[in-house]
Amino acid sequence: MDLSQAHVRQVATNQVAVVGVRGKPQPTHLKGLVGLRGKWFAEAEISYAGPGAVARAALARDILLQRCAKLAPQLTPWIDVIGVASLFNDAGGQWLQRHLAQAADCQDVRLRISFLNRDKALLERLLLDAESLYTNGPAGGGGVRRHIGESLGTASFPHRTHRGAATAGVVLMTDVLLCDYAHARAGDKGNTLSVAVFAFSDEHYAWLANELTCERVAACLNHRAIGTVKRYELPNLGGLNFVVENALEGGVNASPGLDRHGKSLSYALLGLRLPPPD
């Protein structure tokens, strides 16, 4: 489907028409997906509140990292401190580490650790370590929860059709927030993130297209070790669509993260500061 010439026009009250959408020739192959069993998703949580809550959660995180390094050095746990850093986190913990020092006054946080692996018995043992923080971790931990369940992976394969043939960095300390001039929505396709950004008014589309570059989007998400960023312009709709490879830490069937669809990452872009429009 080609949306490059699509636009919306009002035809009546509460009624619009979408025109200019064009089809493309049928491809020679389609992509099929098959579900694969064999992995387990495990997670555990514990809360800390009151004075020193962030420091106690950080200490609990360090304890779990040390235990994991001893029991399962081949695994890299995903750790969130909900209330400090969670939805924007990365597998390496860079985002979390960056924000822990800035949240010393937060007095209600929840530590979450998760894993994805084929060894269910090992994961159950690691979850017991997390539960033991009740009595063998920082004081005042409560509300422990742990869960393990099967995680289905996917693999793609080409399928021939029966007929037809297909022929640098973020600018900081500038004047305006992108969210004041545009809205956005994000979605996933495997390990690829798609973020569509639309200007609130037609007069700001040229500014949006000029300032919201692939380089700025890549810099915004660089803590996730992303791949190629591609931009598709939709001038008649006042929007830009960014396709970011390897942005979802494995994708919905492979990431142990909290937001495996990447829906919240639209607000990572909307939080960018850009030079103001003329």
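## Helix α1

In this predicted model, the buried residues of helix α1 are Ala53, Val54, Arg56, Ala57, Ala58, Ala60, Arg61, Leu64 and Cys68. They pack against several other elements, including the strands β3 (29-49), β4 (78-82) and β5 (108-117). The helices α2 (94-100), α3 (120-131) and α4 (133-136) are also among their packing partners.

Helix α1 covers residues 53-71, which is 19 residues. At 1.5 Å a residue, the helix should span 27 Å.

## Cysteines and disulfides

The structure holds 0 disulfides. A disulfide needs two cysteine sulfur atoms within 2.5 Å. For cysteine 179, the closest cysteine sulfur belongs to cysteine 220 and is 12 Å away, so the two are too far apart for a bond. Starting from cysteine 220, the closest cysteine sulfur is that of cysteine 179, again at 12 Å and too far for a bond.

Cysteine 179 is partly exposed, with a relative accessible area of 30%. Cysteine 220, at 12% relative accessibility, counts as buried; the cut-off for buried is under 20%.

## Serine 151

Serine 151 lies in strand β6, which runs over residues 142-160. Is serine 151 buried or exposed? With a relative accessible area of 7%, serine 151 is buried.

The side chain of serine 151 reaches the backbone oxygen of asparagine 253 at 3.3 Å. Leaving aside neighbours within four places in sequence, serine 151 is in contact with Asn253 and also with Leu36, Lys39, Trp40, Phe41 and Leu116.

Key: Residues numbered from 1 in each chain as written. Predicted model: local features only at pLDDT ≥ 70, side-chain atom pairs only at ≥ 80, totals over all residues. Heavy atoms only, no water. Buried < 20%, exposed > 50% of the residue type's maximum accessible area, 1.4 Å probe, protein only. Helix = DSSP H or I, 4+ residues; strand = E, 2+ residues; numbered from the N terminus. Polar contact = N/O pair within 3.5 Å; in protein donor to acceptor, adjacent residues only side chain to side chain. Contact = heavy atoms within 4.5 Å. Expected span 1.5 Å × (residues − 1).
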